[in-house]
Every structure is written in C-alpha cells, then in structure tokens.
Amino acid sequence: MFFQFEVQVVMDFMGSRLIHMEETDSTNEEIKRLSAVLHHGSIVVADSQSMGKGRLGRNWSSPKDEGLWMSFILRPELSPEKCAGLTLVVALSLTAALREITGLDIKIKWPNDLVVNGCKLSGILTEMVTRDMEVDYIVAGVGVNLTTMDFPADIKDTATSLSKEGVIDIDKMKIVKVFSSYFEKYFEQYVKTGDFSLLREEYEKYLVNCGKEVRVIGSAEELRGIATGINSDGELLLDVGDKIITIRAGEVSVRGIYGYV
Ligand code: BTN
C-alpha cells in the first residue's frame with residue numbers, strides 16, 4: 001500500500017467509511033484484514049490489484065486506473081442461505097447505476113455478471129465469513145472494466161469496458177455513489193422479505209438470459225434449457241422441456257448456446 005485516504009460518502013450506511021488505496025492484493029482481502037474495525041457499509045476502493053480474485057477460483061485482471069476495483073462489508077441480520085442472494089442484489093444495483101450513468105443497455109447474465117453487447121463489463125465476487133455457524137460478515141467485491149482497451153488473450157473475445165463501448169468522461173467516484181444509493185434501496189427491500197419477491201420483476205427486466213436457450217456448466221451433468229426468469233430465492237428457472245428446474249447460484253456458470261451470452 002502506497003497511500004490511503006478516506007472520504008465520506010453521505011448515505012445511510014454505504015460508504016460510512018471509504019478507504020481509497022493506490023494498490024492492494026485484492027480489495028476483498030483488504031476488507032477481511034480490516035474487518036474488526038469496519039462498520040456495515042464500509043468501502044475499500046483500490047486503483048490496482050496485484051491478485052484480483054474472480055469467481056470459481058479464477059483471477060481478475062485489475063490494471064492500474066483501468067477499472068473500478070471495490071469491495072464493501074455487510075453485516076446483515078440474515079441466515080447464511082439468505083445472504084447468498086445478496087450477490088444478485090449487488091448485480092441489480094450496479095446495473096441500475098451504470099445504466100443511469102452511461103445510458104448503455106447493460107444487462108445481467110445470471111447470477112451476477114454485467115454484460116453489454118454480448119461481452120462482460122463487470123463481475124461480482126461475494127464471500128461470506130461465518131462464526132459459530134452464523135454470518136459474521138459478507139464481503140461484496142465489484143470489478144467494473146472502465147477504460148481497458150486491450151484485454152488479456154484468454155478474455156479478449158468476451159470482455160469489454162465502458163471506454164470500448166464508447167463512454168467518455170468516466171467518473172469512478174460517481175459510480176460508487178450512484179451504486180451505493182441504489183444498493184441501499186434494494187438491500188432494504190431484500191432484507192424486508194428475506195427474498196427476491198420485491199426485486200424479482202426489476203431483476204428480470206435486465207436478465208439477458210430470459211427466453212434464451214442456455215447451457216449450465218459445472219453441475220454434475222451439463223444441462224440445457226430455456227431460461228425463463230428467477231424465483232423468489234434468486235434461483236434461475238430453466239425450462240428443460242418436460243419440466244421447470246431451478247438452478248442455484250454457486251459453483252455453476254451459465255452460457256449461451258453459441259457463445260458467452
Ligand atoms: C468474477 O469472476 O466475475 C468476479 C470478479 C470480481 C472482481 C472484483 S474486483 C474487486 C474485488 N476484489 C477482488 O479481488 N475481486 C473483486
């Protein structure tokens with residue numbers, strides 16, 4: 001870490017403390033190291049990450065000043081099962097914020113990738129830390145590609161950034177602020193019912209997979225079907241012909257039949 005400064009983002013709980021670092025290994029790990037002194041809603045933003053972490057054990061390329069690399073801590077009064085749904089709440093909030101700021105037709109690839117024009121713009125990695133079988137805290141990590149024009153070879157055909165999509169004048173802290181305000185609203189609705197009943201319609205409006213044939217990779221066998229939406233637990237509804245089955249987020253990836261989306 002080369003420097004660290006703190007600013008106040010005036011919200012109800014999001015950004016009650018905001019730590020901005022030039023470099024760290026991973027903002028998710030930074031939150032874990034600081035967890036003992038961080039309140040619900042504290043945010044860490046880094047200009048670069050040397051060991052950015054992605055879902056399913058992958059790494060997350062986080063070059064200096066090319067993206068929003070941010071994590072925040074949540075201390076919700078929810079069971080571990082209910083906390084799993086928070087990752088979709090983060091995706092919904094980020095989608096609403098980035099659509100408002102950029103005007104791009106950003107969609108959600110279930111459960112929590114943000115896509116635009118068929119390519120991945122943003123990913124979310126939510127980690128749960130438990131103590132005595134109860135949720136101690138949640139770390140929600142958000143990566144948004146802002147100005148990257150050349151991606152590493154393995155993701156160059158499936159990744160995009162706001163700059164690649166033609167957005168100019170990108171204000172990183174404005175994204176943090178608008179996102180935080182949507183998140184507070186959606187988080188409150190999620191916590192009120194402990195499920196997606198109040199958010200489902202909004203989420204499905206942005207669901208890129210809706211009505212499309214998809215492959216579910218990572219379960220015991222590869223499944224194919226038409227994605228028809230989500231249920232109130234945030235599970236993907238898959239029409240496999242003779243029945244509708246539900247897919248739980250976690251160790252699975254969903255792909256289009258002919259490509260990433
Ligand atoms: C994914 O694989 O789609 C999830 C990517 C999550 C990346 C973000 S960047 C900020 C935070 N810190 C990390 O190490 N990962 C998340």
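1. Which residue of strand 13 is the bridge partner of Val216? It is Val254. Strands here are DSSP runs of E with at least two residues, and helices are DSSP runs of H or I with at least four residues, both numbered from the N terminus.

2. A word on the source before we go on. This is a predicted model, in which local features need pLDDT of at least 70 and side-chain atom pairs count only at pLDDT 80 or more, while totals for chains, interfaces and linings use all residues. Residues are numbered from 1 along each chain as its sequence is written, and side-chain values use heavy atoms, with hydrogens and water left out.

3. Five strands form an open sheet in the order 12-11-10-9-13, with antiparallel pairing; two strands pair if DSSP finds at least two bridges between them. Strand 12 (244–247) and strand 13 (253–256) are the edges, each pairing on one side only. From one strand to the next, the twist averages 45° (an angle between N-to-C directions, from 0 to 180 degrees, of lines fitted to C-alpha atoms).

4. Look at strand 9 next. Four bridges connect strand 9 to strand 10, and Arg215 has Arg224 as its bridge partner there. Strand 9 also pairs with strand 13 over four bridges, again in the antiparallel sense. In general, side chains in a regular strand alternate between the two faces of the sheet. In strand 9 (residues 213–217), Val214 and Val216 make up the covered face, and Glu213, Arg215 and Ile217 the uncovered one.

5. One step along, strand 10 (residues 223–230) and strand 11 (residues 236–239) run antiparallel and are joined by four bridges. Gly229 has Leu237 of strand 11 as its bridge partner.

6. Finally, the ligand. Around the ligand are 19 residues (each with a heavy atom within 4 Å), and the closest are Ser26, Gln49, Lys53, Arg55 and Lys120. Strand 7 gives the largest share of this shell, four residues. By kind, the shell has five nonpolar, ten polar and four charged residues.

7. A side-chain N or O atom of Gln49 is 2.9 Å from a ligand nitrogen, and a polar side-chain atom of Thr27 lies 3.1 Å from a nitrogen of the ligand. A backbone N or O atom of Lys53 is 2.7 Å from a ligand oxygen. The ligand taken alone exposes 410 Å², of which the protein buries 98% (Shrake-Rupley method, 1.4 Å probe).

Technical notes. Polar contact = N/O pair within 3.5 Å; in protein donor to acceptor, adjacent residues only side chain to side chain. Nonpolar A, V, L, I, M, F, W, Y, C, P; charged D, E, K, R; others polar. Buried < 20%, exposed > 50% of the residue type's maximum accessible area, 1.4 Å probe, protein only.
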